[in-house]
Amino acid sequence: SAAQIGEASEVIIASIASFAEGQPEAVRRHAFALICQVFELGTDVDWNVDTFTPMQMGLCKSSYRVAHFATQMAQTEARNDPILMRDVLSCFSTLLDYLEYFSDNLDVTAVATTWIDTAMNYVVNASDD
C-alpha cells in the first residue's frame with residue numbers, strides 16, 4: 001500500500017545512501033540523483049505538520065542521512081563538476097526545510113555553515129572563470 005511504501009522510504013533512502021559509500025563515482029552520482037528525486041517529489045506533497053503522511057515521516061527521518069550524503073558529494077565529486085554542484089546546491093535548498101527534523105547528533109549550525117560556505121565558494125569560483 002501507499003502507506004507501507006511511505007513508511008519504507010526512510011529505509012530505502014538510507015539503504016541507497018549507505019550502498020553508495022565507497023562505490024565508484026558513477027554509482028554515487030546515480031544514487032544521489034535518485035535520492036534527490038524522492039525529496040523533490042516530497043516538495044509536491046501538501047505538508048500539514050499536525051498529520052504527516054507516512055511518506056513525509058520517511059523523508060523527515062532520512063533527511064539527516066541525505067544531508068550527510070549531499071555534503072560529501074559537495075566536498076568530493078561536485079567540486080569540479082558545475083552541473084553536479086548545481087544539483088547538490090538544489091538538494092541543500094530542499095533540505096533546509098528538514099533541518100528541524102534532524103536528530104540530536106547533528107550540529108545544525110555547522111551543517112548550515114558548510115552548505116553556505118560551499119555555495120559561496122561555488123559562486124565566487126564560477127565568477128572567476
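User: Why is Asp87 called partly exposed?
Analyst: In this predicted model, Asp87 has a relative accessibility of 32%. Buried requires under 20% and exposed over 50%, so Asp87 at 32% counts as partly exposed.

User: What makes the pair of Asp87 and Arg86 a salt bridge?
Analyst: The closest N and O atoms of Asp87 and Arg86 are 3.1 Å apart. The cut-off is within 4 Å, so the pair qualifies as a salt bridge. Asp87 also belongs to the residues of H4 that meet H2.

User: Why is Thr94 called buried?
Analyst: Thr94, in helix H4, has 10% relative accessibility. Buried means under 20%, and Thr94 therefore counts as buried. Leaving aside neighbours within four places in sequence, Thr94 is in contact with Phe39, Glu40 and Thr43.

User: How do you know that Glu21 and Arg65 form a salt bridge, and what parts does the pair tie together?
Analyst: Their closest N and O atoms are 2.3 Å apart, and a salt bridge requires a distance within 4 Å. Glu21 lies in the loop between helix H1 and H2 and Arg65 in helix H3, so the pair ties together parts 44 residues apart in sequence.

User: Are Glu21 and Arg65 buried or partly exposed, and why?
Analyst: With 39% relative accessibility, Glu21 counts as partly exposed, because buried requires under 20% and exposed over 50%. Arg65, at 14%, counts as buried.

Methods: Residues are numbered from 1 along each chain as its sequence is written. This is a predicted model: local features need pLDDT of at least 70, side-chain atom pairs count only at pLDDT 80 or more; totals for chains, interfaces and linings use all residues. Side-chain values use heavy atoms; hydrogens and water are left out. Contact means heavy atoms within 4.5 Å. Helices (H or I, at least four residues) and strands (E, at least two) are DSSP runs, numbered from the N terminus. Buried means under 20% relative accessible area, exposed over 50%, partly exposed in between (1.4 Å probe, protein chains only). A salt bridge is a side-chain nitrogen of Lys or Arg within 4 Å of a carboxyl oxygen of Asp or Glu.
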